[in-house]
Amino acid sequence: MLIDGKSRDALSGETIERRSPGHRQSVIANWPAGSTADADLAIAAARKAFDNGPWPRMSGGERSNIMHAVAAGILANLEELALAECLETGKPIGQARGEIDYCADMWRYAAGQARGLEGDTHNAIGDNRLGLVLREPAGVVGIITPWNFPFIIVSERVPWALGAGCTVVVKPSEFTSGTTVRLAEIALEAGVPPGVFNVITGTGPAVGQILAEDPRVDVLAFTGSVRVGTQLAGIAAANIKRVGLELGGKGPQIVFADADIEAAADGIAYGVYHNAGQCCISGSRLIVHNSIRPALLDRLVSLSQRLPFGDPLGATTRYGAMVSDQHIDKVASYVDKGVAEGAELLLGGGKVGADAGNFFAPTVFDKVRPDMTIAQEEIFGPVLATIGFDTPEEAVALANGTLFGLSASVWSRDLETAIQTTRRIRAGRCWINSVIDGTPEMPIGGYKKSGVGRELGRYGFDEYSQFKGLHMTLGRPQPWFQS
Ligand code: NAD
């Protein structure tokens, strides 16, 4: 763990072992199994750094320079970070390298914006009045992250919180703590003062829950499952704590009859198999016009059969291991439900290459009804549920017909159809003729049960800012007592 600028074991001395899901479960790391007592030290350090330390009082320009140095530090350590990310998650090394590089860019974007964060003025509220809206850092931010994109998700939160002038306590997933701990060390080396960026490791209930409970934490930013998010939002609400929630998804990919079928099939494969389907913005529901359904599915099945899966360290691997045995069992149980409820299994459905690691075959279902479990629940695996449609209205109703609203894709050569469709979709991130695209300039976040709040872009800074109204009277005010 990294608390107040110092590397620490858990006070209990206990550790959690991490094994590589892609390498016959070889032991690759041991992380401190933190408890509330450890979290208490980290919160105290972040509070002290916020209340009395230099970070919130620095100019935006000074913070920006240090954050640029963090970005440079990430790039200087790219190979080491990518290796840790690959081994802990099971994702392909080439993908991990790309993700670390992207994260350096997020730090650079946030660093650039950090020196331009402004408030507002009200100069038309009366001749003797002037109003200023002061943007201030929100305080201590507790950040809890999941295991699927550990470095991306911590880099979607921390630079925005630090850029706004906050201090943070981050609790990464117990499966994938490596790159988050390393990031905090890199930040320290780059000049982020001790106590500003703290990391506590261990299981959620043991070390993370206090971030929702403790009044010294001003904001809780949680990324993970709806189940845990709901629980933490309840605790935070009881403490009147601001919460940002980035939760699950069940992304639709709507394919109209005029779509470029080759491009759509490739995009659909990427959308559902990227990161072995363990992606909150996966395009896990294919909603396709019935006239092209057979042709598109033929093409998709043929691509799926050729997916280069294997050793996450392999140079050409595009499709790696899943995070744990337990998770693979959960994905398999969804496949069983799909079959039991009457969907047609076109491809896959079980483990592949079982002796080498946790690999699950690319899986395609056709003839899925919208009320089936595999059409409604987030599977978080490489499982595609196909539903046919005949009219655009039907397509939109199907796309909006789950409790989630995180992302959606529309495939069509007609821009008007595509834009009008995305306008009617209730999701925080929509793509036209692409999928799983992102850039630090653009906001991300959920509608409905997919979450609350927006990260990235200039919107992300508002999550970690307080806005103070400052009313000024120019000249003598109108007397209250009329003598
Ligand atoms: P999870 O909810 O099980 O765990 C997420 C984090 O919460 C982990 O660090 C975990 O240790 C911690 N946690 C668990 N119980 C806790 C508790 N009682 N108190 C405090 N912390 C607790 O999720 P996961 O399995 O790690 O990740 C998968 C989920 O994350 C999926 O639902 C996925 O859609 C979602 N996700 C969402 C986004 C997004 O941006 N919307 C991004 C990635 C993942």
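Gly94 counts as partly exposed, because its relative accessibility is 41% (buried means under 20% relative accessible area, exposed over 50%, and partly exposed in between, with a 1.4 Å probe and protein chains only). This glycine is found in helix α4, where helices (H or I, at least four residues) and strands (E, at least two) are DSSP runs, numbered from the N terminus. Gly94 and Leu313 are 219 residues apart in sequence, yet their C-alpha atoms are 8.1 Å apart in space. The model is predicted: local features need pLDDT of at least 70, side-chain atom pairs count only at pLDDT 80 or more, and totals for chains, interfaces and linings use all residues. Residues are numbered from 1 along each chain as its sequence is written, and side-chain values use heavy atoms, with hydrogens and water left out.

Helix α4, residues 93-114, also holds Gln95. Gln95 counts as buried because its relative accessibility is 15%. Leaving aside neighbours within four places in sequence, Gln95 is in contact with Phe149, His274 and Asn275 (contact means heavy atoms within 4.5 Å). With Asn275 there is also a polar contact between the two side chains, at 3.0 Å. A polar contact is a pair of N or O atoms within 3.5 Å; within protein, one must be able to donate a hydrogen and the other to accept it, and residues adjacent in sequence count only if both atoms are side-chain atoms.

Asn275 leads on to helix α10: this asparagine follows the helix and has a positive phi, near 60 degrees. The 13 residues of α10 (residues 261-273) should span 18 Å at 1.5 Å a residue, and the end C-alpha atoms are 18 Å apart, which agrees; the expected span is 1.5 Å times one less than the number of residues. Buried residues of α10 are Ala264, Ala265, Gly267, Ile268, Ala269, Gly271, Val272 and Tyr273. What covers them includes the strands β12 (252-255), β13 (285-289), β17 (363-366), β18 (383-389) and β19 (407-411), together with helix α11 (293-305).

These strands belong to an open sheet of 7 strands with mixed pairing, in the order β14-β17-β18-β13-β12-β19-β20. Its edge strands, β14 (344-347) and β20 (429-432), each pair on one side only; two strands pair if DSSP finds at least two bridges between them. Direction ignored, neighbouring strands of this sheet are turned by 20 degrees against each other on average. Strands β19 and β20 run parallel and are joined by 4 bridges, and Ser407 has Arg429 of β20 as its bridge partner. Helix α11 packs on the sheet, touching β12, β13, β14, β17 and β18, and its direction makes about 145 degrees with that of β13. Helix α12 (residues 325-340) packs on the sheet as well, touching β14, β17 and β18, with a direction about 20 degrees from that of β17. For these angles, axes are lines fitted to C-alpha atoms, for helices over the stretch in contact, and angles run from 0 to 180 degrees between N-to-C directions.

Another open sheet has 3 strands in the order β5-β6-β22, with antiparallel pairing. Strands β5 (120-122) and β22 (465-473) stand at the edges with a single partner strand each, so one side of each is left without a neighbour in the sheet. From one strand to the next, the twist averages 20 degrees. Strand β6 (residues 129-137) pairs with β22 over 9 bridges in the antiparallel sense, and Leu132 has Leu470 of β22 as its bridge partner.

Phe151, found in helix α5 (residues 150-163), is buried because its relative accessible area is 0%. Not counting residues up to four places away in sequence, Phe151 touches Ile74, Leu81, Glu85, Ile100, Cys103, Thr179 and Leu183.

Turning to the ligand, 28 residues surround it, and the closest are Thr145, Lys171, Glu174, Ser225 and Glu378 (a residue is near a molecule or strand if one of its heavy atoms lies within 4 Å of it). A polar side-chain atom of Ser225 lies 2.5 Å from an oxygen atom of the ligand. For Glu378, a side-chain N or O atom is 2.6 Å from a ligand oxygen. Gly204 contributes a backbone N or O atom, 3.4 Å from an oxygen atom of the ligand.
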